Amino acid sequence: MQTEYRQRREQLMAKIGAGTAIFRSAPTAVMHNDVEYNYRQDSDFFYLTGFNEAQAVAVLAPHHPEHRFVLFVQPKDREKEVWSGYRCGVDAAKEFYGADAAYPIAELDEKLPQYLEKSDRIYYHLGRDRNFNDRILKHYQNLLRTYPKRGTGPIAIQDTITVLHGMRLHKSETELDLMRKAADIAVEAHNHALEITAPGRYEYEIQAEMERIFRLRGGMGPAYPSIVAAGKNACVLHYIENNCQMQENELLLIDAGCAYNYYNSDITRTFPVGGKFTAEQKALYEIVLESQKQAIAQVQPGNAFNAPHNTAVRILTEGLVELGLLKGEIDKLIAEEKYKPFYMHRTSHWLGLDVHDVGVYQHGENPQLLQPGQVLTIEPGLYIVPDTKPAEDQPEIDPRWVGIGIRIEDDVLVTANGHEVLTAGVPKEIKDVER
């Protein structure tokens, strides 16, 4: 992987030219009192370095004659390492992570100016840590003040996302291998969940079994808080309580993915707890499944990013009209977004180092065009939320539909000639999910 990280840095440095880019590691987060959450590195920082410790700063200075890649890290400290784990240290930062120079993090303010004073701009993302933002801005202001004496130095700050996130949007073969592994683990977990789900069991039992597989197969754990939602709980898009007992005639919606070496999968399946769909559940499920299939078919290089969503919305709206949950002319219903009480979210998001991965969806009025190497989710759904108030020109909702929530989601890679469904190993046809 170090070769891959170096190639990414070289690609980024080619983009910034005479600039200097600064990246800060993620801070540690406190769960309660003095107990910390498991550490999760900042995705941009990890993408460029593979370095997985807190209190670190990476500097890319392509114009510097000797030190183009510099790391500031925590020094070795035997007493602290006994309590909180081993540190790479300054010397190993050069040996194992390819830094041209490495310094203790305490020397950042002293050393940083030498990597900025010959640059024409600073590339830095103003994050949530205002104190660190202020440190970078102070360096910038000091260099601006002394600019007349040197005639060199940064005269602008540009956000790193403008040059880096376009790179992250296109996955390398190494990244795709990791994403396939994350997908394969999640596929196994979802298939296991389908086998063990039964009336009387609790949502958290299914969650526990799936997350056991995530770790057992070498994953870091869940890619996001797992959603295991039975019955009307499936109408809560981000339901994570997972504490209800499952009943015979309910559906179970599971939205769960695995993180593997920082790369993520994201899968949703919905199936009957008791093994058979009711007539109403089956009718809605067939609509969602057809919308998902047709949306996936729109994942083609050169198609607009929003093509899958537009396709899904049309199929869902047509289905809602056919079932009597909506009435009116299809194009008008779509234009007026009358489907939104039943389908209130988008169909896709980018996927990668982050579950909702970086990358633009729209360039002004023009949508992003799909290109080989991009990975996105396709996840249409229908939710007949209790107490939904239909618009004045729409029919009342028959109680037999109320409380049904369905979503089907797969991870889809754009290929040179079409697409590859990375999560196809989880069944979704009615004949395969009924028992």
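Reader: Is lysine 171 buried or exposed?

Author: Lysine 171 counts as buried, at 8% relative accessibility. Buried means under 20% relative accessible area, exposed over 50%, and partly exposed in between, with a 1.4 Å probe and protein chains only.

Reader: What kind of model is this, and how are residues numbered?

Author: It is a predicted model, in which local features need pLDDT of at least 70 and side-chain atom pairs count only at pLDDT 80 or more, while totals for chains, interfaces and linings use all residues. Residues are numbered from 1 along each chain as its sequence is written, and side-chain values use heavy atoms, with hydrogens and water left out.

Reader: Which residue does lysine 171 meet in a salt bridge?

Author: Its partner is aspartate 357, at 3.2 Å from N to O. A salt bridge here is a side-chain nitrogen of Lys or Arg within 4 Å of a carboxyl oxygen of Asp or Glu.

Reader: What does arginine 168 pair with?

Author: Arginine 168 forms a salt bridge with aspartate 354, and the closest N and O atoms are 2.9 Å apart. Arginine 168 is buried at 2%, whereas aspartate 354 is partly exposed at 24%.

Reader: Which residues are linked in a network of salt bridges?

Author: The network links Asp44, Arg168, Lys171, Asp354 and Asp357. The count for the model comes to 27 salt bridges.

Reader: Changing topic, how many aromatic pairs are there?

Author: There are 11 aromatic pairs. One of them joins phenylalanine 51 and tyrosine 97 edge-to-face, at 5.0 Å centre to centre and 80° between the planes. Rings of Phe, Tyr and Trp (its six-membered ring) pair if their centres lie within 6.5 Å; planes under 30 degrees apart count as stacked, over 60 as edge-to-face and the rest as tilted.

Reader: Is phenylalanine 51 buried or exposed?

Author: Phenylalanine 51 counts as buried, at 0% relative accessibility.

Reader: Which residues do ring pairs link into a cluster?

Author: Tyr5, Phe46 and Tyr262 are linked in that way.
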